[in-house]
Amino acid sequence: FVVPRVPPTDFVLKPDSTGKGLIATWKAPDPTKVNGRVSFYKIIFRKVGSKVENTTEDIPVRMHTSIQ
């Protein structure tokens, strides 16, 4: 399990066209600072005001560093 020394950049979160989902986009970390090959990104989120524990989503790199 390898963790990059730097995070992805230009992270943006916006509503999708239905208004019921979210689209997250980002740029991959500088390849000279990743300590190996990145195999997935982990996104942790919680609805504002929610008392429920964080929701975690592992996003495979094959999704071209964006999720919907």
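## Strands and their pairing

Two strands are said to pair if DSSP finds at least two bridges between them. The strands themselves are runs of residues assigned by DSSP and numbered from the N terminus. The structure described here is a predicted model.

The protein chain has five strands and zero helices. Read along the sequence, its pattern is β-β-β-β-β. Of its 68 residues, 16% count as buried.

Strands S1 and S2 run antiparallel and are joined by five bridges. Which residue in S2 is the bridge partner of Leu 13? The partner is Ala 24. Pro 15 also has a residue opposite it in S2, namely Leu 22.

Together, S1 and S2 form a hairpin, and six residues lie between the two strands. Gly 19 sits in the turn and has a positive phi of about 80°. The phi of Asp 10 is near 55°, and Asp 10 is not a glycine. Asp 10 has 47% relative accessibility and therefore counts as partly exposed, since that class lies between the 20% limit for buried and the 50% limit for exposed.

How many aromatic pairs does a search of the whole structure find? The search finds two. Phe 11 and Trp 26 form a stacked pair, with 6.1 Å from centre to centre and 20° between the planes. Phe 11 belongs to S1 and Trp 26 to S2 (residues 22-27), so this pair ties together parts that are 15 residues apart in sequence. Is each of these two residues buried or partly exposed? Phe 11 is partly exposed, because its relative accessible area is 47%. Trp 26 counts as buried because its relative accessibility is 7%, and the cut-off for buried is under 20%.

Trp 26 also pairs with Tyr 41, this time edge-to-face, at 5.2 Å centre to centre and with 65° between the planes. Since Trp 26 lies in S2 and Tyr 41 in S3 (residues 40-45), this pair too links parts that are 15 residues apart in sequence. Both Trp 26 and Tyr 41 are buried. Phe 11, Trp 26 and Tyr 41 form one aromatic cluster.

## Nonpolar residues inside and outside

Nonpolar side chains tend to be buried together in soluble globular proteins. Which residues make up the largest nonpolar core here? This core has six residues: Ala 24, Trp 26, Val 34, Val 38, Tyr 41 and Ile 43. At least two residues of the core come from S2, and at least two come from S3. The core includes Trp 26 and Tyr 41, which also form the edge-to-face pair.

Some nonpolar residues lie on the surface instead. Phe 11, Leu 13 and Leu 22 form a nonpolar patch there, and their accessible area together is about 320 Å². Leu 22 is in strand S2, the strand that also holds Trp 26. In a regular strand the side chains alternate between the two faces of the sheet.

Leu 13 belongs to the surface patch, while its bridge partner Ala 24 belongs to the core. Phe 11 is also part of the patch, and Phe 11 stacks with Trp 26, a residue of the core.

Note on methods. Residues numbered from 1 in each chain as written. Predicted model: local features only at pLDDT ≥ 70, side-chain atom pairs only at ≥ 80, totals over all residues. Heavy atoms only, no water. Buried < 20%, exposed > 50% of the residue type's maximum accessible area, 1.4 Å probe, protein only. Phe/Tyr/Trp six-rings, centres within 6.5 Å; stacked < 30°, edge-to-face > 60°. Helix = DSSP H or I, 4+ residues; strand = E, 2+ residues; numbered from the N terminus. Patch = residues over 30% accessible without salt bridge, like charges linked within 9 Å, V, L, I, M, F, W, Y side chains within 5 Å. Areas by Shrake-Rupley, 256 points an atom, 1.4 Å probe, with all protein chains shown as cover. Salt bridge = Lys/Arg side-chain N within 4 Å of Asp/Glu carboxyl O. Core = buried A, V, L, I, M, F, W, Y, C linked by side-chain atoms within 4.5 Å.
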